[in-house]
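I opened this model to look up a handful of points and wrote them down as I went.

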Amino acid sequence: MGMRIKTWAGGGCRVLLAGALLLAFLLSGCGGKGADYRIEVEGALSEPGVITYLGHTMNVYKDQASNPCGDCALQPVSVFVGDGAAAVAAAIGDALENDFGGAGWALAAIDGGSLTLKRADSGGIGAGAAAPGAPTAPAGLTIKGGFGGNLKTGGADGSGSGGIGGTGAQIRNIKQFDGTLSEVPLVPERIAAVYGPSYEALVLLGAEDRIVARADVQTENFPWAEEVFANIGGLPVLEDVHAAVNIEQLLTYKPDLVYTFPRPNETAVLDKARVAWVEGATTKSLADVKELLRVFASGIGAEAQGRADVYAAWFDERLALVAGRTAGLPESGRPKVYYAGTDILTTYGRGSDIIEAIETAGGTAVSKELEGGNRINTDAEKLAAWNPDWIFIDHCGMSGSEGGAADEVAARAYANPKYAGISAIRDKQVVLTPSGVFYWDMGLQKILLVEYMAKTIHPELFEDLDMAAEVQDFYQTIFGYPLTRGQAEQILARQAP
Amino acid sequence: MFAGRMKTVYAVLAALLAAVFVVSLGVGRYAIAPGDLLALLTLRGAGGADGMDAIVFWSTRFPRLIAALLIGAALSVSGATYQGIFRNPLVSPDILGAAAGASFGAALSIFLGLGKLPLQCLAFAFGLVGVLVSYSIGLRFSGRARDNTVTLVLCGMVITAIFSALISGVKLIADPYDELPTITFWLMGGLSYVTSDDITLMLVPLLIGFIGLFLLRHRLNVLSLSDEEIGALGVDAAKTRGVVILCATLLTSGSVAVGGMIAWVGLIVPHIARLLVGPNYSKLLPVSLLVGMVFLMAVDDVCRTALAIELPLGILTALIGAPLFLALLARSGKE
């Protein structure tokens, strides 16, 4: 037994020793990452193409006029044929300073065509995981890079590690909705519309024929989407995207741009796979709806911004019309409105643009006192205390077809003795929100929701507002689809085509 | 246990591991022909195969495989360790609140819309905090009592309950369109979003945990005695237990921070290992490690390929693990 105890004691010493070794190893690892990275540029650019460095990409244009991005301001740093070594080095320095794809690197010194860079983040183990590939450049320019004095060039064959889409692909920088910068292909050819409301946006932006895969949620409750959108029926479908996307499945469709959910773990994998992405967002104000569309448009390119303008014009005109008539309403003339999603006790807090939609439509949004955004839970007592005059219910599917899911929701609300005392229930003022090609509480049709609520709670102010005609005009202008009046009325009545 | 039998067990497990690894390299929703796969494996980074194949393989499939290996090993080893410390075969790695703490950290950071790195750091930190709190409360409450394992388990339950309540609180106010499903999916556990960065991040705590426990594996045998007996052997029970718990917690928190809640692995694998080589920790730990690797890699293969949707790993490990556990119980009942 004595022997064994001695072994245990020896074990303790070994733990300490191993710990010390491990610590030394870790520290040395950090030291290695701290080494300067140097880039040496020589010569001058003689033809257009792409410069890659540190896994990022910079376009070389023939001249200012041939920037294929047009006058877009989102291409902040670029170089031109004829630029010399110092100009290219300065541009790379600029890009890193402004963090355009330079995350993880900071400029330490610049001298003519020679750049010295340092790791910007000491804690970013992730950023230091992969050694950057050697830089590449089009003809005329020689560019070398490496740690310490060990400089290499990737050569014109592009064996350096490129940015998105592999080496040599032309790229643009765009601003995501949250303000961060990302790279997207100059002209995306194969788009995956994973984020629910991205499909209708891509139709508006004129990019539906470039969609190669879409999500299950885009047709699950929307028979009208298959009627109105030309290609949606024939596209491969990614299942269960609300929970997670099967990334290998997604990559099977070889997308070069993915419209996806704001889930950092998902976009991190897409980054690794060098697939560009644009992420969706919860819109916190009505202006955000237009802004998110602009971000979506920036993924497609300059021509799509024109389509976003068309939407913004339609949106602003209708919003002004509604707001103009409801602005003068006194507090007493604004009925209390409660907006529910799916379940009557699920509602929208002050972090959601539904609050603004209700108030613009001339109502008082009772749930604005709640923290939180879309579809948060509340309870029956709170609902009773608010005692709304109108209740709108979204996300309840179609009437008539599919077992009349929507009608059941209303019937259940009317029948439940818990709610019997609420004005909206007593006066039979529970309204089911239509949907059409997508939910009205998110996505482009939110402006129709504002009009619809305004007309519903203030019929006297909006006698001349013909909702069916509005829906027809919206579908024609925004989606290019000529709804008949009958079809528009079907959509408003939540009937399938 | 005869040396001959041990050799056979190691040989069979190593062969099984190699076989499952090779199969795992080849299967996935994104089809890569065997020939192309071979080219990929031999000519990494060169233009030997279609560029997209290489990207999918190296950015998605390969890191995921490695993560399955590491997490399977980590959960199994920490499970075996906890079962020894608490002298209870029903104990799993989340007993002291590491998993619940880490899950709360993750849920909170999803709710706050933080990035991936903060999510993992927060998850890892809360995992450690959970165990630290239950351990220090446990020590305080057990006071002069010789044996503090029961108090520790109870404190672990309390901490787990508190963190679970906090998770529910976060879920209640999370946006059901994007945040809530993400939290729910994360809690179910899965490796679908693993990248090479996660592996690097996870490697540090896992290596410390593995090395620590393997150096201490002989002492683990002693820790399953009562504290009085341990004291009689000249070992400081509380101190050793503290170090062992720290190592096991590094393994659990590191795994949960990357893979989410993957249930049952830490419970079932040590049982399988014990069935193979008996309760001696000098053999049990390495065998648990190998079995854990094979088990999680195989289950994750099913997750990756069975359906077009991404099956959460935690659901499958529970569905497979629970009946397997019953079978083991029935078997040990007969003996």
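**Entry 1. Chain A overall**

I noted before anything else that this is a predicted model. I then looked up the make-up of chain A, which has 15 helices and 20 strands. Of the 497 residues in chain A, 48% are buried. I also checked how far apart in sequence its contacts reach. Counting contacts in chain A between residues at least 6 apart in sequence, I found that 59% join residues at least 24 apart.

**Entry 2. A sheet in chain A**

I looked up one sheet of chain A. The sheet is open, has three strands in the order S2-S3-S4, and its pairing is mixed. Which strands stand at the edges? Strand S2 (49-53) and strand S4 (79-80) of chain A do, and each has a single partner strand, so one side of each has no neighbour in the sheet. Next I followed the pairing of strand S3 (residues 56-61) of chain A with S4(A): the two run parallel and are joined by two bridges. For A:Tyr61, the bridge partner in S4(A) is A:Phe80.

- A:Asn387 is not a glycine, yet its phi is positive, about 45°. A:Asn387 sits in the loop between helix H10 (380-386) and strand S19 (390-394) of chain A. I count A:Asn387 as partly exposed because it has 15 C-beta neighbours inside 10 Å.
- A:Lys428, also a residue other than glycine, has a positive phi near 55°. I found A:Lys428 in the loop between helix H12 (423-426) and strand S20 (430-432) of chain A. Is A:Lys428 buried or exposed? A:Lys428 counts as exposed, because it has 9 C-beta neighbours inside 10 Å.

**Entry 3. Where chain B touches chain A**

I turned to the contact between the chains, which takes 46 residues from chain A and 48 residues from chain B. On the chain B side, the elements that each supply at least two residues are helix H3 (51-85), helix H5 (116-142), helix H6 (149-173), helix H7 (179-188), helix H8 (196-215) and helix H9 (217-223). Which of them gives the largest share? H8(B) does, with ten residues. I sorted the residues on the side of chain B that touches chain A into 24 nonpolar, 15 polar and nine charged.

**Entry 4. Two residues of helix H3 in chain B**

I picked B:Pro63, which lies in helix H3 of chain B. B:Pro63 counts as buried because it has 22 C-beta neighbours inside 10 Å. Leaving out residues up to four places away in sequence, I found B:Pro63 touching B:Val194, B:Thr195, B:Ser196 and B:Ile199. B:Val194 is 131 residues from B:Pro63 in sequence, while their C-alpha atoms are 6.5 Å apart in space.

I then picked B:Tyr82, also placed in helix H3 of chain B. B:Tyr82 is buried, since 28 other C-beta atoms lie within 10 Å. Setting aside neighbours within four places in sequence, I listed B:Val91, B:Pro93, B:Ile95 and B:Ala248 as the contacts of B:Tyr82. I also took the separation of B:Tyr82 and B:Leu215, which is 133 residues in sequence and 16 Å in space, C-alpha to C-alpha.

**Entry 5. Helices H4 and H5 of chain B**

I checked how helix H4 (residues 98-111) of chain B meets H5(B). Their axes come within 7 Å and cross at roughly 145°. The crossing of H4(B) and H5(B) is right-handed. Among the residues making this contact are B:Ala102, B:Phe104 and B:Leu108 of H4(B), and B:Leu122, B:Phe126 and B:Val129 of H5(B).

**Entry 6. Helix H11 of chain B**

At 1.5 Å a residue its 23 residues should span 33 Å, and the end C-alpha atoms are 32 Å apart, which agrees. H11(B) is mostly covered, with 18 of its 23 residues buried. Just after H11(B) I noted B:Gly260, which has a positive phi of about 75°.

Terms used:
Residues numbered from 1 in each chain as written. Chains lettered and ligands numbered in written order. Predicted model: local features only at pLDDT ≥ 70, side-chain atom pairs only at ≥ 80, totals over all residues. Contact = placed C-beta atoms within 7 Å. Helix = DSSP H or I, 4+ residues; strand = E, 2+ residues; numbered from the N terminus. Nonpolar A, V, L, I, M, F, W, Y, C, P; charged D, E, K, R; others polar. Pairing = 2+ DSSP bridges. Expected span 1.5 Å × (residues − 1). Buried ≥ 20, exposed ≤ 12 C-beta atoms within 10 Å, placed from the backbone. Axes fitted to C-alpha atoms, helices over the stretch in contact; angles between N-to-C directions. Left-handed = near helix turned anticlockwise from the far one by under 90°.
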